[in-house]
Amino acid sequence: MDKANSTIETQAKVNWRWRKIKDELMMRVVQVGGAAVIGAIALIFIFLLSVVYPLFEEPEIHESARYQLPSTALGPSLMLGVEEQAEIAFRVTKDGSVLFFDVSNGQSVINYKLPISDDDAVLGVRNVSEASRLLAANLKSGGLLFFKHEYDLEFTETERIIHPKVVYPFGQEVVDLGESAIMQFAVGENEDNLTIFYQNEDGKLGLTGFEKVSSFISEDVVLEEIDNSFLNSSHEPVALLVDPEQEWAYVLNDRGTLALYDIRDIASPDLQEVIDVTNQSSKPTGIEWLIGGISVLVGDDSGVVSQWFKIRAEGDVPYTLKKIREFKVDSSGVNKMASEQLRKGVVAAAESGKVNFFYTTSERDLMTIAATEGEVQHIAIAPRSDILLLEDSLGQLSVWDMDNHHPESSLSGLWGKVWYEDYQKPDYIWQSSSASSDFEPKYSLIPLTFGTIKAAFYAMLFAMPLAICGAIFTAYFMRPKMRALVKPSIEIMEALPTVILGFLAGLWLAPYIEQHLPGVVFVLIFVPLGIILSALIWWRLPFEIKSKIPEGWEAAILALPIITIVMLCMSASTAVEGALFEGNIRIWMSENLGVGFDQRNALIIGIAMGFAVIPTIFSIAEDAIFSVPKHLTSGSLALGATPWQTLVRVVLPSASPGIFSAVMIGFGRAVGETMIVLMATGNTPVMDFGIFEGMRTLSANVAVELPESEVDSTHYRILFLAAFVLFMFTFFFNTIAEIVRQRLRRKYATL
Amino acid sequence: MATTSISSDLFENQASRSIDQEDICITCEDFSLSYGTKQALFDINLKIPTNRATAFIGPSGCGKSTLLRCMNRMNDLIDGINISGQMKLHGKDINTRDVNVTELRQQVGMVFQKPNPFPKSIFENVAYGLRLQGITNKTEIEDRVEWSLVNSALWGEVGDRLQDNAFSLSGGQQQRLVIARAIAVRPQVLLLDEPASALDPISTLKIEELIAELKSQYTVVIVTHNMQQAARVSDYTAFLYLGKLIEFGPTNVLFTAPGERQTEDYITGRYG
Ligand SMILES: Nc1ncnc2c1ncn2[C@@H]1O[C@H](COP(=O)(O)OP(=O)(O)OP(=O)(O)O)[C@@H](O)[C@H]1O
Ligand SMILES: [Mg+2]
């Protein structure tokens, strides 16, 4: 007896230990699983942030070398430039020397001499086109000499050697512009033409147009004069500009006015506008193109750099110059400006020696350095914007390394209105790429966020009433047998790949609705009316007919009137369109109501994405309603409440947090949904809330653009930012849903 | 017969009378019910007198709750129910089509085994049935709520915290609240399905006192497993067994001199 007892006891002990081990094991597994999920989400979060972070990082700049100008004896530079690798720089001096030197230490690499006579001198050199490295020099003896700085690359086994050279694209001949020397000039150049705008010693403003003609025998290009004319200017010009297309010429006067000439006809330039471009008392110190030849930067002696471009005018002149934005450099006055070659950044030096780097479109004041001992004479920015060269009045050259990768992005640029070049007013625009090479990407997240919310809104507009009413009916009124059929079928819809929904919506539904628009509008109006009417008829129906239909299956009968109404509406569609809307409702709408129509519009999205979120909302809401304890409903019914009263007073209030959380989760899903919006919206980032207009959502945008964006570029990082915003959206909605659900659970734990 | 364990002093305050002298409230005539193919009630013939407390006793699964639920048609909610025979309230069959179920349930209130207050305030729980009837007059609602709570012996405990959530009450208080909720609509009949089964002896006592109180104004039908309780509170007792009504009569008679062997076995605890 004792023995038996003790074996049972040991057996129990073993069992108990086993149970404990299993318990522990399960607990650990669950804990690890939970922690892994949280960890994974945290990692996604951290990863997104780590890609996005550099967008808002402060740029860095530091001096890497400082040396005396090479060949100091030849005097200060007339022009300072750097080649693309930022290894070799050059300067042009008064005697016509083009001196190439090593950027890192100032050691001379090679010297060239422009083909000018010994008693002649170069008065000034200007950049004609930074992209083609074309320069123009005005000579003391009169006329301009065009030349290019070019670089041959040689690869040895161990290194790359750069061989600079000077070439003369239009021959070594000086372009003749009359007897007297040129004091100021500007050159506009494109593939076919070249226009020189100048002021000569006599103070006259001249304009000469050339055509580029390639000779048959050699490959050489020569300039052939087409036309010329002279302009009158009452004030002393400070600087001249001609745009690359040679349509507009700008003259900055010492009085602080900027005159805009229409020079499409070179023979008769037409003064468009004279406008004050400086603040009252200050004087202009210079103008410079912002890359692209659309914006003009004006510096003045109060230290302000302002950006101007022309917009279409209201009055009798077609265009007017408009100040877009301005930057304060230093109160000592702007001395020199240079703009980046590939971006819209600007470096401006003040008299005090302070140098300021800012970015126009993002309005970011990036960095300020106290750069030089003397005044800055020349600024050269390497094409890749990684090196900055400054020459000061003491003949010193300083080299600065820049770490400035994403100046284009700023919070105001991403979330605020930005006034882009060639736009009439500031606006929210997303346009990340274009066919044209000097295109400026526009990264406003507002149209995408707007599109996301619009798509989700229309989807919810369609899905919410259907899903919630369906859930109420299924959970509360439907007979168990029918419920057992309906609930799983709707939930299985959730498993439908959204790509199929998107595909159907884009390729079948969108054209179908376009063809049957009046019918669709009728369906939206008449189906609800029809449902109410059928309910009234049902109520009046004699009992004999009613009793034939099993209780709880009344809803199935409703399918009949709905299908009939839909079919009637659709078949009437074409006739109505012909009779009332002149055969085409889309044209009629845009003419009479001013409502645009995209084939792939918010209505399509509402329906297609609505279908995708209905199962989610339905399933959660149905569970919430069904799990309202039965003793509550019977308690209410036992007090003489009708089923409807019970629903409204007891069931819905108790299930409302669950329904709310269902809606939130549905909304989160609609916000994050990608395939449907990608395939059925047209993806145009417009900001129009109209039901017949398209949209572009954050998710579709990431899907479309990420594969073709360059890794680590601003575009790439902004797409990650879009993904991050999306993540936060869904995180937000799901968190709200979860918090509400937890509340609900706590509330009903006591029931 | 002295075989019963119920001492006769329990019946002291119950006047011995015969069912034929009573005013009849609910009548069952050959009433049968089946859940699908499973028959739960067999040809029940029963008369429940007005303004008396009638107890249903019987072993678990014998059909007490089923019969009780038929009296205000709560069984309508269950799928696949078949009934035959008649269930009459004041002589009128309640299962005909022209009977308005909600009106019936206003006349025949029901309290369930498990307290089921709504997730609302104490006040709103009691006012619920009144609001359903469309009563909006504030003072009238307040008066009726107070009256119900006083009559359900709860006023003293909750009168000063009517806006508290009903879940903050104890189980016994909740059950009395549910009774208050039921009497607030002034039903004629109050059906109580094991109202005290989940309660401690003190709460049970309070409920029993309440029933004794209520039966002067209401016809009370109570299902109970507690013989003492049935003996204490009811004037008449029905004993059901396997879906059949075995015996029905004045409580003191049924407990002291049961007419059937099965009744005697059950009340003396030989089975059940
Ligand atoms: N909803 C239902 N569906 C099918 N059968 C049911 C249902 N409710 C009760 N029954 C059956 O009917 C019979 C009577 O049940 P009922 O609930 O009336 O018993 P009861 O006397 O109240 O028992 P208890 O004392 O345990 O509450 C039981 O056999 C039960 O299985
Ligand atoms: Mg029961």
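**Strand pairing, helix packing and the ligand shell**

Strand E4 (residues 97–102) and strand E5 (residues 108–113) of chain A run antiparallel and are joined by five bridges; strands pair if DSSP finds at least two bridges between them. Strands (E, at least two residues) and helices (H or I, at least four) are DSSP runs, numbered from the N terminus. The model is predicted, with local features requiring pLDDT of at least 70 and side-chain atom pairs counted only at pLDDT 80 or more, while totals for chains, interfaces and linings use all residues. Residues are numbered from 1 along each chain as its sequence is written, and chains are lettered from A and ligands numbered from 1 in the order in which they are written. A:Val98 stands opposite A:Tyr112 of E5(A). Five residues lie between the strands of this hairpin, where A:Gly106 takes a positive phi near 80°.

Also in chain A, the axes of helices H11 (residues 630–638) and H12 (residues 643–672) come within 10 Å and cross at roughly 160°. Axes are lines fitted to C-alpha atoms, for helices over the stretch in contact, and angles run from 0 to 180 degrees between N-to-C directions. H11(A) and H12(A) are therefore roughly antiparallel, a term for angles over 145 degrees.

In chain B, the surroundings of ligand 1 include B:Lys38, B:Gly63, B:Lys64 and B:Ser65, a residue being near a molecule if its C-beta atom, placed from the backbone, lies within 6 Å of it. Strand E2 (38–49) and helix H1 (64–70) of chain B each supply at least two residues of this shell, and the largest share, three residues, comes from H1(B).

Definitions and conventions
Angles under 35 degrees count as roughly parallel, over 145 as roughly antiparallel, 65 to 115 as roughly perpendicular and the rest as oblique.
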